[in-house]
Amino acid sequence: MERMISTEREVTIDAKINISSCPVSPSVQSKVKVLLLNITGLFCVGLAILGAILPVLPTTVFLIMAAACFAKSSPRMQQKLLANKTFGPMIHDWQKYRSIPKKAKRIALFMMILSVCWSAFMLQSMLLTALVVALIIGPFIFVARLPESR
């Protein structure tokens, strides 16, 4: 029994030594974090642009994710995103009021219903259709309960 206790103490001491002797300095760690957040933000903006063109991808969700990434990494990019005439108001409404435009909400709910109907038609299997319905219920309820900004 004593051996196990001393082993746990040794592991704890070793863990503290390993953490404090990390080979990467905190300034480098923060630079890597900022770089990853910038890359993720740019990727989300790209997906949002595709979502504006393709009806399958959402736009607002990716813009909100991009704004969150830029808020932690690049205030300049966040300001550019908020200053955009098309997407800026949506992001602003989400950040300030946690709401989405009525039109965006209607389109999102309609596309979810359309996707389930299309999936049911293409799958032609009651079990797979039930699985699709089960997977879409959570996001559908989430979007339906969001407050509307306009």
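Among contacts in the protein (heavy atoms within 4.5 Å) between residues at least 6 apart in sequence, 57% join residues at least 24 apart. The model is a predicted one, in which local features need pLDDT of at least 70 and side-chain atom pairs count only at pLDDT 80 or more, whereas totals for chains, interfaces and linings use all residues. Residues are numbered from 1 along each chain as its sequence is written, and side-chain values use heavy atoms, with hydrogens and water left out.

The secondary structure comprises seven helices and zero strands, helices being DSSP runs of H or I with at least four residues and strands DSSP runs of E with at least two, numbered from the N terminus. The order along the sequence is accordingly written α-α-α-α-α-α-α. Of the 150 residues, 23% count as buried, where buried denotes under 20% relative accessible area, exposed over 50%, and partly exposed the range in between, calculated with a 1.4 Å probe and protein chains only. The protein exposes about 11,100 Å², of which carbon and sulfur atoms supply 71%; accessible areas come from the Shrake-Rupley method with a 1.4 Å probe, and for residues only the protein chains shown count as cover.

Helix 6 (residues 102-123) packs against helix 7 at an angle of about 180°, with the two axes 10 Å apart; axes are lines fitted to C-alpha atoms, for helices over the stretch in contact, and angles run from 0 to 180 degrees between N-to-C directions. This angle makes helix 6 roughly antiparallel to helix 7, under a scheme in which angles under 35 degrees count as roughly parallel, over 145 as roughly antiparallel, 65 to 115 as roughly perpendicular and the rest as oblique. The residues that make the contact include Lys-105, Ala-108, Leu-109, Met-112, Ala-120 and Leu-123 on the side of helix 6, and Leu-128, Thr-129, Val-132, Ile-136 and Phe-140 on the side of helix 7. Thr-129, placed in helix 7 (residues 126-145), counts as buried at 15% relative accessibility, and, when neighbours within four places in sequence are left aside, Thr-129 is in contact with Ala-120 and Leu-123. Gln-124 is exposed, with a relative accessible area of 67%.

The structure holds one salt bridge, defined as a side-chain nitrogen of Lys or Arg within 4 Å of a carboxyl oxygen of Asp or Glu. It is formed by the side chains of Lys-105 and Glu-148, with an N to O distance of 3.7 Å. Because Lys-105 lies in helix 6 and Glu-148 in the segment after helix 7, the pair ties together parts that are 43 residues apart in sequence. The two partners were assigned to separate accessibility classes, Lys-105 being buried with a relative accessible area of 9% and Glu-148 counting as partly exposed at 40%.

Helix 4 and helix 5 pack at an angle of about 110°, with their axes 6 Å apart, an arrangement that makes helix 4 roughly perpendicular to helix 5. Gln-78, Leu-81 and Leu-82 of helix 4 make this contact with Gly-88, Ile-91, His-92 and Gln-95 of helix 5. Within helix 5 (residues 88-97), Gly-88, Met-90, Ile-91, Asp-93 and Trp-94 are buried, and what covers the buried residues of this helix includes helix 3 (60-73) and helix 4 (75-83). Just after helix 5, Arg-98 takes a positive phi of about 55°, although Arg-98 is not a glycine. Arg-98 lies in the loop between helix 5 and helix 6 and counts as partly exposed at 49% relative accessibility.

On the surface, Val-32, Leu-35, Leu-36 and Ile-39 form a nonpolar patch with about 370 Å² of accessible area together; patches are made of residues with over 30% relative accessible area and no salt bridge, with like charges joined within 9 Å and nonpolar side chains (Val, Leu, Ile, Met, Phe, Trp, Tyr) within 5 Å. Val-32 is found in helix 2 (residues 26-53) and is partly exposed, with a relative accessible area of 44%. Lys-33 is also found in helix 2 and is exposed, with a relative accessible area of 56%. The C-alpha atoms of Lys-33 and Lys-72 are separated by 9.4 Å, with the two residues 39 apart along the chain.
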